Amino acid sequence: MKLHLQEIEYFPANVTVEAGSCSFELDIEGVCSVSSVKANLSVQNSDDEYFCQGTVEATLTLECVRCLGQFEKDVAEGTDFIICSQQTFEEKRKEADDDEEYVFYIGHSLTADLTDIVREALILSVSLMPICSEECLGLCASCGVNRNETQCDCTDDIIDERWEGLRRLSEEE
Ligand SMILES: [Zn+2]
Ligand SMILES: [Zn+2]
């Protein structure tokens with residue numbers, strides 16, 4: 001996911017960088033796939049430093065923690081970072097006690113690879129306990145059916161197996 005700073009004619013500029021065919025693996029449990037990744041950035045420049053601010057957007061396919069079904073969710077997360085050359089960073093920024101994030105550009109086209117910074121934003125956008133809907137009924141604890149799709153006859157009481165054994169004995173008498 002690359003931003004070619006050389007192609008920007010005027011600053012401040014609003015640019016959109018799309019992931020295109022780059023595939024994103026987030027390696028987070030519950031995230032099945034990531035698509036339509038893009039970064040909408042406002043870029044301001046001062047000498048060799050490019051200040052970028054904006055949002056990262058994507059469509060995530062997530063696994064619901066209640067029913068284990070997959071569902072899609074559009075997410076957007078803020079991002080904020082500085083692009084400069086590694087040399088500028090060493091000379092001007094290395095000692096600075098800031099908590100800015102830096103991306104180094106390379107080559108004459110001033111190409112910055114935004115993949116890592118975009119991935120970081122997407123990781124923040126993933127909720128810990130994704131659910132497909134607030135109303136999701138989840139799986140039945142007794143028979144395992146998806147209660148959004150099938151209504152089973154199980155009661156909500158989980159029957160203790162030992163009592164179940166006793167009950168069967170007394171029924172046989
Ligand atoms: Zn669900
Ligand atoms: Zn059931």
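This is a predicted model: local features need pLDDT of at least 70, side-chain atom pairs count only at pLDDT 80 or more; totals for chains, interfaces and linings use all residues.
The zinc ion (ligand 1) is coordinated by the SG atoms of Cys64, Cys67, Cys132 and Cys136, at distances of 2.3 to 2.4 Å. Angles among the four donor atoms of this ion run from 105 to 113°, and the site is tetrahedral. Along the chain, the donors of the zinc ion (ligand 1) follow the spacing C-x2-C-x64-C-x3-C. Cys64 belongs to the loop between β4 (49-63) and β5 (70-84), whereas Cys132 belongs to the loop between α2 and α3; the pair therefore ties together parts that are 68 residues apart in sequence. Cys64 is buried, at 0% relative accessibility, while Cys132, at 33%, counts as partly exposed.

Cys140 is buried, with 7% relative accessibility. Cys152 also counts as buried, at 19%, given that the term applies under 20% relative accessible area.

A nonpolar patch on the surface is formed by Val65, Leu128 and Met129, which together have about 370 Å² of accessible area. Leu128 is situated in the loop between α2 and α3 and is exposed, with a relative accessible area of 81%. Ser125, by contrast, is part of helix α2 and counts as buried, at 12% relative accessibility. When its neighbours within four places in sequence are left aside, Ser125 is in contact with Leu60, Val75 and Glu77.

Two salt bridges are present in the structure. Side chains of opposite charge can pair when their charged atoms come close. In one of the salt bridges, the side chains of Glu49 and Lys92 meet at an N to O distance of 3.5 Å. This pair links distant parts of the chain, with Glu49 in strand β4 and Lys92 in helix α1 (residues 86-93), 43 residues apart. Glu49 is buried, with a relative accessible area of 5%, whereas Lys92 is partly exposed, at 47% relative accessibility.

Asp116 and Arg119 form a salt bridge in which the closest N and O atoms are 3.3 Å apart. The two residues lie three residues apart in helix α2 and are therefore separated by about one helical turn. Asp116 counts as exposed, at 52% relative accessibility, a value that meets the criterion of over 50%. Arg119 is partly exposed, with 24% relative accessibility.

Leu3 is placed in strand β1 (residues 2-4) and is buried, with a relative accessible area of 5%. Residues up to four places away in sequence not being counted, Leu3 touches Ile8, Val15, Val17, Leu41, Ile83, Leu110, Thr111, Ala112 and Leu114. Leu3 and Asp113 are 110 residues apart in sequence, yet their C-alpha atoms are 6.5 Å apart in space.

Several backbone features were also identified in loops. The peptide bond from Phe11 to Pro12 is cis, with omega near -5°, and Pro12 is located in the loop between β1 and β2 (13-18). Asp27 has a positive phi of about 55° although this residue is not a glycine. Asp27 lies in the loop between β2 and β3 (31-46) and counts as exposed, at 79% relative accessibility. Leu68, another residue other than glycine, has a positive phi near 65°. The loop between β4 and β5 contains Leu68, which is partly exposed, at 47% relative accessibility.

Methods
Residues are numbered from 1 along each chain as its sequence is written. Chains are lettered from A and ligands numbered from 1 in the order in which they are written. Side-chain values use heavy atoms; hydrogens and water are left out. Buried means under 20% relative accessible area, exposed over 50%, partly exposed in between (1.4 Å probe, protein chains only). Patches are made of residues with over 30% relative accessible area and no salt bridge: like charges are joined within 9 Å, nonpolar side chains (Val, Leu, Ile, Met, Phe, Trp, Tyr) within 5 Å. Accessible areas come from the Shrake-Rupley method with a 1.4 Å probe; for residues, only the protein chains shown count as cover. A salt bridge is a side-chain nitrogen of Lys or Arg within 4 Å of a carboxyl oxygen of Asp or Glu. Helices (H or I, at least four residues) and strands (E, at least two) are DSSP runs, numbered from the N terminus. Contact means heavy atoms within 4.5 Å. Donors are N, O and S atoms within 2.8 Å of the metal (3.2 Å for Na, K and Ca); water is not among the atoms, so sites may look incomplete. Four donors count as tetrahedral if all angles lie between 85 and 135 degrees; four count as square planar and six as octahedral if opposite donors are over 155 degrees apart and all others between 65 and 115; anything else is irregular.
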